[in-house]
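Please open the model in your viewer and follow the stops below, selecting each element as it is named.

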Amino acid sequence: MAEYFGVRHFSPICSHLVVQFLDRVKPDAVLIEGPSDLSGLIEPLMRDEVRFPVAILAYTETSPVKTVLYPLAQHSPELNAMKWARQHGDIPVEFCDLPGEAALYHALEEQSEKEDSSDENAPKKPSVYDMLEKAAGHDDDVFWEYNFEQVRDLDDYLAAAKEYGRSLREFSPEDKHNELREAYMRRRINEAEKKYGRVAVITGAFHTAGLENVPYSADDEKLTNRLKTVPTKATLMPYSNYRLSARSGYGAGAKAPGYHEIMYKNLCRGVKENTPAEYLSRIAAFQRKNGFAASSAEVIEAVRLADTLAALRGGKNPCLADLRDAAVTCMGHGSFGEVSLACADVEIGTRIGELPEGSVCTSVQDDFMRQLKELKLDRFRTPTAQTLELDLRENIRVKSEKSAFLDLNRSYFLHRLLAAGVLFGEKQRRQQDNATWAEKWELRWVPETEIQIVEASLAGSTVVQAARNTLGLKLTESQSLKEISQLVTSSFECGLQDCVKSASARLTELAAECSSVPDEGAALSELSGIVRFGNIRRIDPEPLVPIIRQLFLRICLQLPTEAKCAPDAAARLTSTLAIVNDACTAHDFLDTERFLNLLTGLSDSDDISMLVSGYACSLLAERGKITAEKLSELISRRLSRGTPPSEAADWFEGFSKRNHRALIIRLSVWEKLCSFIAELDGEEFKSVLISLRRTFGEFSANEKADIAENITEILGVSGTNADEYITAAVTEDEQSAIDSLDGLDDFDFGDI
Amino acid sequence: MSKEILRLPAEQLYKTEIDALIAAEKDPIPEGWQMSPRSVLTYIMGGKVGKTVITPKYLGDRRLVEICIATLVTDRALLLIGEPGTAKSWLSEHLTAAINGNSSRVIQGTAGTTEEQIRYTWNYAMLLANGPSFDSLVKSPIYTAMEQGAIARVEEISRCASEVQDALISILSEKRISIPELGEEVAARRGFSVIATANTRDKGVNEMSSALKRRFNIVILPAPSDMATEIDIVKSRVAQMSRDLKLTSKLPDDSAFEKVVTIFRELRQGKTLDGQVKIKPTSGVLSAAEAISLMVNSMAISGSFGSGEVTDSELAAALQGAIVKDDDKDKAAWTEYLENVMRKKGKGYSGLYAECKERNA
């Protein structure tokens, strides 16, 4: 004997009435729509420490990973049925839908079918819900709320739900999978009847109509005897209201979990008529908390408007859509944007589920907990953020190797979590740039973290595996040199030697095709950093050396042609030059001779960007690889009348970018600069001034003072009469020259 | 001399529809109304009552109209906000026509509107002769609406000076006007409400105070959401206006409507309909209302001076006038649109393109 109760998942009224239903039926067992092989998970769900929403997650063991989710909220009718059974002498509760392994098999099939069918643009058939919307004039959420949530009586509801399910079936297209599911459910019901006697069956209203009055037949048995399955695993996972609303496992009904909570609470207290007022007051409260005006008068007006709207649309009480319209009109001044955040907060809510330790049983979870203990990080499992300072160097004062590298292993662990998408720790930027042995982390444990860990289990069965697979996936997806070189760094930080290898291989491949010098420079900088400081992570950076060589060579070959470019591109090239210069000093396996030749060529070349040329020249000067005569010759040539003044200024800018001190002590440079400026006429001076201003902006105040001293020397003004010189009245000539520059103050620096 | 009226008010134009709705009424009617809220909705959105077909008056979001009607049922005042030409006044006229059978209690908001025009003023000859009395009182449309328990309309409320707007605040919250000269007070009967409209694009308007805004339920009317709706709107209104104005020209064919609406939508959105090409927008307001007047205009031109059929030449002339508003920038933008977009639209547009190009030269 079976009694049927058709629900809409997450419907508050169903949740409220299912208890009455069970009280009346007094079943010997309860069957619920859910994967039958996961009935074992009902027990842990019933523990007192569980905070909903929680989901049952089943996933395939092998890739491609497919998942099915069965989320449950506090107000789910299914959950109430489970609770009822427990409170009434532990009546057996079982799931009766297809096992997860069969459902996942179907999901995989469906996906491959979708990929096979090339006709993507085929017009989508209107679903039964579209038809309902057309017939009723509003969508199925509104339809349900108007017609079902307002029901008070159990019998009314049962009759209405039966009719609803029947009509839905009448207009739904045939679905093989659905037939299989229902055949299976019939089989389970039949078995349960034999085993327990009186059975209550709680399924979606749609299925109820296909189960009730359809006897279990030989066809059903044949159909369900050999189910096709894939190997799967399953677990409970904490869920959040946000996830409930964003991607519900079921088709409908969970767009507004926060609102449903309000409805359910008021239903339980017997004051369901309070729901509209509570919803609107909460919107107003949210608005006030966030600094917008929202008066009680507006709430009252909104409640009245919602009532009238419902009446106009044919509902007894306002539904969510009416309430939202009222809120927009009365509190949002007609625009949804003004109350959209409040609506999201109230309708969806921020509730996050929790499960007692041990009840979540993915292997990643176990691995995470084990490592947390091993690495002595347990104390960071708190919601308040705490800082952790790591010293990656070997601690030589301890005995065991494990504790000697404790901090390094911690760093690996945290980096691997990051790579696997678990945001447990956040890496902080350090003040001191070159202390590569030190790291600073901010650790914080929030319920979302737990959800992320469960999701990481889809990528692998341990933290390391999850990190490795996620990095691998990213590697195949990324197309730019920069992304990949960052992935190399990540793999390095995670301590994953094999990832480093595969990423490097990919890098070599891409580097051969790359033609952007700045990108190559960025990659070179990342790799050079790893090779220089990598041994602190006890990973052999040797495989990277050939790539660095390759990048270095490419840059050296491309630069002379690339340097014939516009000023903004030139600025990027100078930073690339700086990177190569650093790499060259750091790694003796690089061909320094080639680089010096490149620099000499650049600094002597007249047809490239003068900024780059000047910069190359300063690098040479810094390394002492240019003779004083050559330098003097270059300076004279660049700052002579033959060079256009703006180019001369660019050159000087590039030239002065490096070592300011070395520049200041070279008096001859300043002499030439002085005479260069003195020779300019008014117009030329104006154009040069901008770039000179920029150049000197980078000097410190002390340096500027020293430059001024240089200049006084050159102009033959001694310290004593400088005062006189400066305070003397401005002559007419000078005044007119200054006036002509006035326009420069209006200069639009946005253009530079 | 013709005795015919140029433009009939809505309640007379659609008298048969309103009568049919009233005759077939089944739902409860709010006090002061002549039909139920649901019938008002049918009147605005269209439908069928018995044998009478109700033409849709507002083509757009049904929910917005529902909010408008529900607002008036709750005796709150209604404020319609939107860009020019989004059917604010049109909707307000038809709402009052359906609810009261009288859409003529209007105050036109201008910079010169005074507080007296909102409340009441005096017949000064009588005031001097007989002293203050109800007889010498000249009532404003709002005053009469309060007395009769009906709905008054305030057009372009944001063009009124702030003190005039403020005069509305007490009327809307107290629902009464005091006449200190007579020591009397007039209380509004049930059914009294106000529908105001305001423009978002206008320059030189007086921002509404939040005190006044709070007394209104605000509904923002959007531009027509999709191409088909906009073509429908323009077509139906042009057909109706040409009947009213007795234009001799034939109604332009569908392709002409499609062309004009396409051009307007593209210029309004600053990109082509397929989103492929960015377009420099022009300064003018290219609303559905503007498209309607453009079509009527070209019909008038062709009826009076042309072949009696709207050709590309008439359309081009009207487009030029609507899009290029004595501004060199508009002219440049229009040229750019012609060359970059319209020229590439293919055969259907080639005639119009040639005409437009000639006129814009």
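Begin with chain A on its own, coloured by secondary structure: 36 helices and 10 strands make up its secondary structure, where helices (H or I, at least four residues) and strands (E, at least two) are DSSP runs numbered from the N terminus. This is a predicted model, in which local features need pLDDT of at least 70, side-chain atom pairs count only at pLDDT 80 or more, and totals for chains, interfaces and linings use all residues. Residues are numbered from 1 along each chain as its sequence is written, while chains are lettered from A and ligands numbered from 1 in the order in which they are written.

Of the 752 residues in chain A, 42% are buried, a residue being buried if 20 or more other C-beta atoms, placed from the backbone, lie within 10 Å of its own, exposed if 12 or fewer, and partly exposed in between. Two residues are in contact if their C-beta atoms, placed from the backbone, lie within 7 Å; among the contacts in chain A between residues at least 6 apart in sequence, 75% join residues at least 24 apart.

Next, select strand 2 (residues 29–35) of chain A, which is mostly covered, with 7 of its 7 residues buried. Strands pair if DSSP finds at least two bridges between them. Strand 2 of chain A pairs in the parallel sense with strand 6 (residues 199–204) of chain A over 4 bridges, and also in the parallel sense with strand 5 (residues 93–97) of chain A over 4 bridges.

Now move to an open sheet of 3 strands in chain A, with the order 4-3-7 and antiparallel pairing. Its edge strands, each pairing on one side only, are strand 4 (67–72) and strand 7 (232–238) of chain A, and neighbouring strands are turned by 15° against each other on average, direction ignored. Strand 3 (residues 54–60) of chain A is joined to strand 4 of chain A by 6 bridges, and within this pair A:Tyr59 has A:Thr67 as its bridge partner. Helix 20 of chain A packs on the sheet, touching strand 3 and strand 7 of chain A, and its direction makes about 175° with that of strand 7 of chain A.

Axes are lines fitted to C-alpha atoms, for helices over the stretch in contact, and angles run from 0 to 180 degrees between N-to-C directions. To see the contact itself, show A:Val364, A:Gln365 and A:Phe368 in helix 17 of chain A, which meet A:Ile453, A:Val454 and A:Ala456 in helix 20 of chain A.

Finally, display both chains: 13 residues of chain A are in contact with 18 residues of chain B. On the chain A side, helix 14 (296–313) and helix 15 (320–331) each supply at least two residues, and helix 14 of chain A gives the most, with 7 residues. For the model as a whole, the scores are ipTM 0.79 and pTM 0.69.
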